Amino acid sequence: MSPSSPPPLSSAVFICISFLALMISPSAALTCSSQTFTHNQVYSNCLDLPYLSSYLHFSYNSSNTTLSIAFIATPSKSGGWIAWAINPKATGMAGSQSLVGYKNSTTGTVQVHTYDISSYSSIVAKDLSFEVWDKTAESRRDGSLAIFAKIKVPADLAASGKINQVWQVGPSVGTDGRLDKHAFAVSNLQSKGTLDLKSGQSSTSSGGDDRLKKKNIHGILNAVSWGILFPLGAMIARYIRTFESADPAWFYLHAFCQVSAYAIGVAGWGTGLKLGSESSGITYSTHRNIGIALFVLATVQIFALFIRPKKDHKYRFYWNVYHHSFGYAILVLGIFNVFKGINILKPEDKWKTAYMIVIIALGGISLLFEAITWVVVLKRKSRKSTKPCDGYNNGQS
Ligand SMILES: *[C@@H]1O[C@H](CO)[C@@H](O)[C@H](O)[C@H]1NC(C)=O
Ligand SMILES: *[C@@H]1O[C@H](CO)[C@@H](O)[C@H](O)[C@H]1NC(C)=O
Ligand SMILES: *[C@@H]1O[C@H](CO)[C@@H](O)[C@H](O)[C@H]1NC(C)=O
């Protein structure tokens, strides 16, 4: 795009900013951190569990190995049940020590019962293999139920600092307190994972710590590449070029920035593919598909560098149109996907805030430079209008 046609970038910046605004507000409103309880119970950690729209709030006191929990979920039908369990010996449902909550259809109060699920065929109310006290429950305004309890974590689990958790929702409860079968969708079968008592992190497959480390590396590489370097490189191409004295330095700077972004991005992309292949049953399809699209677009951009027609070639115009549209697509999708990733990984708030500050700063600098570019270009035009036909707009890019 020649400097005399700046509008597309200002629109791209606007689209970006509106995108961000759209993405940030609902995700902040949805997290467990905004949930409160009738009796103002406070827990030091909370998690948005990855399946069945469930939430776990918990505090763990390691000096007396006591875990206090509040589990929130919505029964699959009204009148149904919700359950949260620790499985001391395995990872699935069989063997899990469950806390089950449902609304008693006669009394209208929410009751909590314990079930020792020794096998799939025998689900009867029974004391658990560890001590549980202060069991209460409440029904919430949005139709969900909350179960509260304190649990004495057995010594072997306390020593490892990790417990296997399982959660579930079901459709109905018989008059005798028999739980009717839950659905067998992927989310009902995947609703289990490791709960790290010390760090408050939850992971949905084994090897939680290692996986978390990989996810963090994946996040940092991609945020730096797609989320920061690519936009920066685009800004260099668009704004530094306006200053005639910066030619051809801007081009080398731009190419350097994008090639390094691409190298880091490909590394980040590889870690993403690895994470995806290791995660059985969980697919973040939008994040993954955008990631693949980004890789394809960026690869085409890098190779297009070598088939770039000369400035005055008649096809250069088409090359420019293609190069800029792919570039802006990468810019918007890259930033979008970084936020998608942040919402999946759920790091501490400061990371999201830091990234937002970087993006807002880049956006602000762009707006400023956009204004300067316009002034420079208009001035140049008025100067040139006295001597037309000097071919200024002829494929400068
Ligand atoms: C943990 O439990 C011990 C023993 O009951 C108590 O002294 C301590 O204050 C508790 N810590 C917290 C953070 O509640
Ligand atoms: C451990 O300490 C906490 C906080 O002081 C208390 O609420 C809990 O009942 C204690 N657990 C046991 C098993 O005494
Ligand atoms: C509901 O509450 C009544 C009265 O406490 C009790 O007799 C009945 O067993 C409860 N029903 C269920 C399904 O727990």
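1. Ile-335, Val-338, Phe-339, Ile-342 and Asn-343 of α7 are in contact with Lys-352, Tyr-355, Met-356 and Ile-359 of α8, where contact means heavy atoms within 4.5 Å. By class, this contact comprises seven nonpolar residues, one polar and one charged (Ala, Val, Leu, Ile, Met, Phe, Trp, Tyr, Cys and Pro count as nonpolar, Asp, Glu, Lys and Arg as charged, and the others, Gly among them, as polar).

2. This is a predicted model, in which local features need pLDDT of at least 70 and side-chain atom pairs pLDDT 80 or more, while totals for chains, interfaces and linings use all residues. Residues are numbered from 1 along each chain as its sequence is written, chains are lettered from A and ligands numbered from 1 in the order written, and side-chain values use heavy atoms, with hydrogens and water left out.

3. Ligand 2 has Asn-61, Asn-64, Thr-66, Trp-133, Lys-150 and Lys-152 around it (a heavy atom within 4 Å). A polar side-chain atom of Asn-64 lies 2.4 Å from an oxygen atom of ligand 2, and an N or O atom in the side chain of Thr-66 is 2.8 Å from a nitrogen atom of ligand 2. The shell around ligand 2 has one nonpolar, three polar and two charged residues.

4. Around ligand 3 are Tyr-102, Asn-104, Thr-107, Gln-111, Gly-174, Thr-175 and Gly-177. A polar side-chain atom of Tyr-102 lies 3.0 Å from an oxygen atom of ligand 3, and for Gln-111 the corresponding distance to an oxygen atom of ligand 3 is 3.0 Å. The shell of ligand 3 holds one nonpolar, six polar and no charged residues.

Key: A polar contact is a pair of N or O atoms within 3.5 Å; within protein, one must be able to donate a hydrogen and the other to accept it, and residues adjacent in sequence count only if both atoms are side-chain atoms. Helices (H or I, at least four residues) and strands (E, at least two) are DSSP runs, numbered from the N terminus.
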